[in-house]
Amino acid sequence: MSAIYIAGIAMCSVFAQWMAWFFKVPAILFLLLVGLILGPITGQLDPDMLLGDLLFPVVSLAVAVILFEGSLTLHFQELKGIGKVVRNLCSIGMFSTFVLIGLSAYGILGLDWRVAAVLGAVLVVTGPTVIAPMLNTMRPNKDIDRVLRWEGIVIDPIGALFAVLVFEAVMLVGDEGIVNHTLMALFKTVSVGLSVGVLSGWLTSHMIRKEWLPFELHKFAILAFVLMSFTGSNYLALESGLLAVTVYGIWLANQDDLEIDSVLEFKEDLSMILISTLFILLAARLQIADLMLLDFKVFLFLAIVLFVARPVCIALSTYGSELPFKSRLVLAWIAPRGIVAAAVGSVFALSMVEAQIPDANKIVPLIFTVIIVTVVSQSLTATPLAKLLGVRQPAPNTFLIIGANHVARAIAVGLKEQNIDVFLSDPAWENCKMARMDGLNCYYGNPQSEHAERYLPLTSVKSVLALSPNRHHNALGVQYFSHLLGDQNVFSLRSSTNHAKANKDSATFLSRQILFGDLGNYSKLSSIIAKGGKVSSTRISEEFSWEQFQANNKEAIPLFILSEQRKEDETVRIRPFITDMNKPPEVGERIISLQPPKMTILSGNTNKDMTIGEKLASK
């Protein structure tokens, strides 16, 4: 029977993630709903009965892995460059939120001071898993988008670490209240956690550098090290394990010569599985009786969280900055809590209940109440608020190019010469390095990963061009972004002319392989560029029509049509040449094309009107 329940939880997790993907909302909403339906509403799932004594170890180990994955994204060099506002949000802003929520829980709800302190510490964390989907729909201006994304990324591990320290401090308070005893115990816990984390990080880095571990064992070995670090640290000093794995992840993240991208990708996948399963289990553990413990005072507590704690945090963090007042208003409203708060808070609650601390059974219901209210209310109101205040970005106008190979770079440079925003993505570091040397923005990794959601400017992406020679990368990108942006905004380049006859890709992917017409395929473009071909532009005029362009540039491959006529919400209008294009270029539009080497473009342009690309192509 237990196997059936476990399989059912897995299927429900997939269903909840799929619903979130379909409706483009944070997955936490549907995971919470599924957990509530299976648990307190229908009584079909009882995690305590299902897992028994294993429940606490399973939840603790899952939280350890989630915190480790989050800490892998915290690079010190990025922390230094994220701006004063974000630094303040993750320091004085975080502390002010902790104080206000903790005092409110103590004064309004009447909770034990230890429970109130832990609750305040846990609720400082937002997290990118709830922020990113909201921002992608909301599309705020760059200042708001940058601040909220970076706050979610940085405060995830920092806030969790802060919560761990607060929890350890309150749990180590002696019955006699002896300050020295408490401080010594806290010092021991922090010292052990830091030491185990640093030792694990150093040992892992050394083993990878010395190639004592084969590459295929990196993922599994690091996972084993995480679990051992957590349990070993807890054995040496109670409740120090979460601190140890957080420090472990931060250590690995800041080793510049260490290749851990495959590990990060693996941990993202594992974290998704754990988050989905964990959230359903934790939501199912809620009892109607526990929810009934929350009286009308909880509404006043929520008002403090929403309308006092966050605005004060923003006021302190943005003091003296150049952020406009309207941007500050939006920042003061957006602070949804997510899975880290639920998972870490649940682990703390289990420990505090075992320690027989009064009111410890109220931690989980309160955390889930805050999660539900913040995610639902802010998801529904964020976009209307941004529109009302006029802080929403114009229609997206950036081309995201999958691939940073020489073909993709040549096309990106040609678009950039026409003042078109482009952003490249490639899992090969050498390609990314070459793109950045050409002055192009490039994301190192897979654009459909969770990590990319944090670092790619997805709110400004209008179209996706899959230009990788790897059909697998193109297919994944097409499938992922077709849902996000719509089929009409996602295109792929064929690998070669005979590719369609031999491939076994899906019909959906094949239908998007329409870039640059029948002659446009990666092999041909690569050959032309390798021989010295250039991307250039030609204006269509009364004197030089589209038909004349075709007649005089038979070897050229048209890539895009660029119009200078602008819609109200667009900065530029550009559309790629595709198979069966039903609207040819018109007078006044420009043809961006790939010209073979040593060809002269015959057009009605004067040298004064020609772009850099045209001048190069006409020489």
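1. Basis of the note. Residues are numbered from 1 along each chain as its sequence is written, and side-chain values use heavy atoms, with hydrogens and water left out. As this is a predicted model, local features need pLDDT of at least 70 and side-chain atom pairs count only at pLDDT 80 or more, whereas totals for chains, interfaces and linings use all residues.

2. Overall make-up. The protein has 28 helices and nine strands, where helices (H or I, at least four residues) and strands (E, at least two) are DSSP runs numbered from the N terminus. Of its 619 residues, 55% are buried; buried means under 20% relative accessible area, exposed means over 50%, and partly exposed lies in between, with a 1.4 Å probe and protein chains only. Among contacts (heavy atoms within 4.5 Å) with a separation of 6 or more, 75% are accounted for by residues 24 or more positions apart.

3. The nonpolar cores. A nonpolar core is a set of buried Ala, Val, Leu, Ile, Met, Phe, Trp, Tyr and Cys residues joined through side-chain atoms within 4.5 Å. The largest one holds 128 residues, and the members that touch the most others are Val63, Phe279, Phe301, Ile334, Phe348 and Phe368. Helix 10 (residues 142-171) gives this core its largest share, 14 residues. A second, separate core has 34 residues, including Ile401, Cys442, Phe491 and Leu594.

4. When residues up to four places away in sequence are not counted, Ile334 touches Ile131, Met134, Met138, Leu148, Arg310, Gln378 and Ala382.

5. Helix 4 and helix 12. Two packed helices are described by the angle between their axes and the distance between the axes. The axes of helix 4 (residues 55-71) and helix 12 (residues 218-236) come within 10 Å and cross at roughly 120 degrees; axes are lines fitted to C-alpha atoms, for helices over the stretch in contact, and angles run from 0 to 180 degrees between N-to-C directions. Helix 4 is therefore oblique to helix 12, given that angles under 35 degrees count as roughly parallel, over 145 as roughly antiparallel, 65 to 115 as roughly perpendicular and the rest as oblique. On the helix 4 side the contact is made by Ser60, Leu61, Ala64, Val65 and Phe68, and on the helix 12 side by Ile222, Leu223, Val226, Leu227, Phe230 and Thr231. These residues divide into nine nonpolar, two polar and no charged; Ala, Val, Leu, Ile, Met, Phe, Trp, Tyr, Cys and Pro count as nonpolar, Asp, Glu, Lys and Arg as charged, and the others, Gly among them, as polar.

6. Helix 10 and helix 18. Helix 10 packs with helix 18 (residues 339-354) at an angle of about 10 degrees, their axes being 11 Å apart, and the two helices are therefore roughly parallel to each other. Helix 10 contributes Asp156, Ala160, Ala163, Val164, Phe167 and Met171 to the contact, while helix 18 contributes Val340, Phe348, Ser351 and Met352. By class, this contact has eight nonpolar, one polar and one charged residues.

7. Helix 8. Eight of the ten residues of helix 8 (residues 113-122) are buried, so this helix is largely enclosed by the rest of the structure. The buried residues are Val115, Ala116, Ala117, Val118, Leu119, Gly120, Ala121 and Val122, and they pack against helix 7 (92-107), helix 10, helix 16 (297-317), helix 18 and helix 19.

8. Two loop residues with positive phi. Glu211, in the loop between helix 11 (179-209) and helix 12, has a phi near 60 degrees, a positive value in a residue other than glycine, and at 67% relative accessibility Glu211 counts as exposed. Gln356, in the loop between helix 18 and helix 19 (363-389), likewise has a phi near 60 degrees, and Gln356 counts as exposed at 70% relative accessibility.

9. Gly201 lies in helix 11 and is buried, with a relative accessible area of 0%. Leaving out residues up to four places away in sequence, Gly201 touches Tyr248, Trp251 and Leu252; Gly201 and Val226 are 25 residues apart in sequence and 9.7 Å apart in space, C-alpha to C-alpha. Ser96, in helix 7, counts as buried at 9% relative accessibility, and Ser96 is in contact with Cys313 and Leu316 once its neighbours within four places in sequence are left aside.
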